[in-house]
Each structure stands twice: as structure tokens, then as C-alpha cells.
Amino acid sequence: MTRHLAERLPARLGPAAWNDILGPQSLPEPLQEDHVADFVIIGGGFAGLSAARRLRQLQPNARLAVLEAARLAEGSAGRNSGFMIDLPHELRSDDYAGNGDDKGIIALNRKAIAFAGEAVEEYGIDQNFFDRAGKVNGAVSAIADARNRSYAAHLATLGEASELLGPEQMREMTGSSHYVSGLYTPGTVMLQPAGYIRGLGAGLQAQGVRIFENSPVVGFEREGAGWRVRTTKGSISTGRVIVTVNGHLESFGFERGRLMQLFLFAVMTPELDSASISRLGGRPRWGITPSDPMGTTVRRIDTAQGGNRIVTRTCAVLRSNCVVRPSDLTRAARIMQRKFDVRFPQLAGMAMEYSWSGHLCLTMNGVAVARQLEDGIYSGCIQNGLGTVRGTLTGIAAAELACGETSMITSHFTREPRPTRLPPQPLREIGANLVLRWKEWKAREE
């Protein structure tokens, strides 16, 4: 009998702050007893819910079930920074420029954004959770400024618009004198990621998709011509399984030794009072990614997105067992407090209300795993740190492959090679974390 048992379940540190600031959700429906479905999707994040929506479009009468280990938006979908980026955003490069078919990547990314935007309209998701505001690459040093200018020149060769911002424009936007320049690009959507995911889930449920929360999958096994997917309290028999668990794909026995399990960290302020807002200045909403990919991401949100707050994100660590340590979060929170204080001396010392870790997964050759894995098993996994856009795309691809459909999305992912094999342990973890610390040090001001 073919069987895939989960070696481990998702482990997280800290709350999913984006979800927490929205207030309580309706009561969850966990999987109980035994059920039957035409498709079972394992994972209720960007990839899983996008797969469910694409399946509903392709097979409107199919019985669809989504199994989510926690609550919607409590996992990685509620722990990212909420940038849905259309342009090349290659985290392994110095300035985000890609090394291949950048025009093709842009076209794919914009398909994902259009797919999400249509869902916002169709399901009546709050437009504040899907803000077409664009973003800025912030630069602190002359080297970072040069990177911005290099990236702007690269975008110009692609026919893409951007605008260089000076220090006064950056201060006017952020209230911070920390940045010497910025590069604004208009196509990024700034999500309230938990709000978007909650709305997507509610819209799918209204269309008859069963979403079972607090239902971690412990395994799935061949059953006749189909599969039985099991949780601790129930199971679902199905003809086709779509796995959208990003790096936890390895937990089910796929692509072992080929996936880099990384954790990033973030903190969020309490809601700013009127005095703090007055001291801060700047605009009520903006988002900055660092010009060096290993620098610090900063966002400011407003009441309509969950409160007047500032989010800071930096630091990364590789944990091949997918278990982040409390000491990792403590170290990152200390560094992020310092970075916040440097950027906003008028608010220096403000204690953060939230700190948390988020899991992402990379491959050495930058590929996803969005293909058929076995007969009746399809994957929409490995987002390479670009979870909102790449997760949407891999979810769409997995749904289309499960239905026998082809598109530019499926063509892109099925052409990709397998992930490159990683160095053996313990060299992998020791070496990767040394490299990460060195890159963090180089980007310490950014």
C-alpha cells in the first residue's frame, strides 16, 4: 500500500498578529468522522485557497474539501508582510533583479494579482485588505542607493515604470530620516494578509467548499483507485489530493534533502495613540522593502487594516527540522527593536505588542514544486519567500493539473527542474546559518 505519513506537524512561535488584530473569527469546523470528496486540498493558505477557487471555476459541481491544520490565517498566510509584488523579486540576488525571463515572471505575477483582485470583487472582501498602493525599496547607504538605481535601470529595459525618491520624500512618507533614497514601483498590492485570507475562505464556503480548520493531516494512503486522507479525528476518501503545504511537503516524504526550511521574524507595535501619531508624522499607509534582500522590511497600516501600527521584519534562520527555537525569536526581536528605534527615534523604546516567526521555504535553484507527484497527487508548493504571489500561482497550477488543464501557469511550473539536492547535515544547517548571519551583518543598516 502506498502511504505518506506526516513526520511532523507545523510548529510556530508567537501569534499571527495580522489575524489577531482583526478580532475573533466564527467558530471553526474541524473534520469529524469520515467523508467523501472529489478533491481534497491539504493546506488553507494562499496556495490552498487559490487552488480551491480555481477548482470551483473549472468544475463548479465538484465536491471540494480543504483541510487546514490551524485556523485560517494563523499559519504562514497570516505571518508574512503582505506584499503582493508584480516585478522580479529574486531574494538570492543583490538587487532583486532576476537572471532569466523577467518579462515572463512579471506576466505570471500579474496573473496572480488579477486572480486575487477578482476574488476580492467576487467575494466582497474589504478593499482595505487589498490596497493597490505600490511599494518602495528603501536605501540607507550609498551602496544601497546604487542598488536601487541599478534596479531602476533594469526595470527600464523591461519597459517598467519606477520613481526614485529623495531623502525628503522618504521622510515625508515615513516620518523617518533614516533613508537616503527610495525606489517606488506602482504595481505591488499591499495586503492585510489575514483579512484577505479570511475573506477568501468565507467566499469559498459560500460557494459550497468545505473548509475544515484545526484539522492537521497526519497522512494519506492509497485506497483502491483513489486516496484516503486522514486527520486525528476523521478522514476523507477522494480521487485527487492537492498538497499546498509549502515546505512541509518534505514532511510527507517528497523532495527530501532538497528544501531549505527558513524562518523569518517580525514584530508589531501596539496601536499608536494620537500623541504617537503626531510625533511620528508621515502617511498612514506605506510599505518599504530593503534595497538589500537581507535588510529590514517595514510597513505602516491604519485603522481600516487593523489599527495604526508599524510592522518590522528582519532576521532569518534555517532549521531543517522545521522547529524554530525560542532563542531565535528572542534574538530577532531584540534586533528588530533596535532597528525600529533607529528608524523612529521619536518613538524609541516603544515596546512591541506582537513578535512572531513565519516559515518559508526556498530551493537552491529557485524552483517551485508544482506538478503531479504520483497518480492522483498534485503539489502546489515551494514559494521561495514569495508566498502571496507564488503561492497563488502554485495553487492555480496544482488545480489546473488536477483537472487536466494547461495554461501559461502550468507550462511555467512543469518546465522547471527538480529542486537541487542540498549539502548533507550538519554542514547544511551550520553553513547556511553562517551565510545568513554574514549577509545580515552586511545589510545591518538597511
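Let's start with the second largest pocket: 19 residues line it, and V136, M173, Y184, R283 and W286 lie nearest its centre. Two or more lining residues come from each of these elements: β6 (135-139), β7 (163-165), α5 (167-174), β15 (286-290) and β16 (297-301).

A quick word on the source. This is a predicted model, where local features need pLDDT of at least 70 and side-chain atom pairs count only at pLDDT 80 or more, while totals for chains, interfaces and linings use all residues. Residues are numbered from 1 along each chain as its sequence is written, and side-chain values use heavy atoms, with hydrogens and water left out.

Now, what is a pocket? On a 1 Å grid over the protein atoms alone, a pocket is an open set of points where a 1.4 Å probe fits, with protein on both sides within 12 Å along at least five of seven lines; lining residues have an atom within 4 Å of a point. Helices (H or I, at least four residues) and strands (E, at least two) are DSSP runs, numbered from the N terminus.

Back to our pocket. Which element gives the largest share of its lining? That is α5, with 3 residues. By type, the lining has 7 nonpolar, 4 polar and 8 charged residues. Here Ala, Val, Leu, Ile, Met, Phe, Trp, Tyr, Cys and Pro count as nonpolar, Asp, Glu, Lys and Arg as charged, and the others, Gly among them, as polar.

Next, helix α2, residues 46-58.

Is α2 enclosed or open? Of its 13 residues, 11 are buried, so α2 is largely enclosed by the rest of the structure. Buried means under 20% relative accessible area, with a 1.4 Å probe and protein chains only. Among the buried ones are F46, L49, R53 and R56.

On to T231, in strand β12, residues 226-231. T231 counts as buried because its relative accessibility is 8%. Leaving out residues up to four places away in sequence, T231 touches L31, L67, S215, P216, V217 and V218. Contact means heavy atoms within 4.5 Å.

Last, the cysteines. How many disulfides are there? The structure holds 0 (a disulfide is a pair of cysteine sulfur atoms within 2.5 Å). For C315, the nearest cysteine sulfur is that of C322, 19 Å away. C315 is buried, at 7% relative accessibility. For C361, the nearest cysteine sulfur is also that of C322, 7.7 Å away. C361 is buried too, with a relative accessible area of 0%.

Definitions and conventions. Buried < 20%, exposed > 50% of the residue type's maximum accessible area, 1.4 Å probe, protein only.
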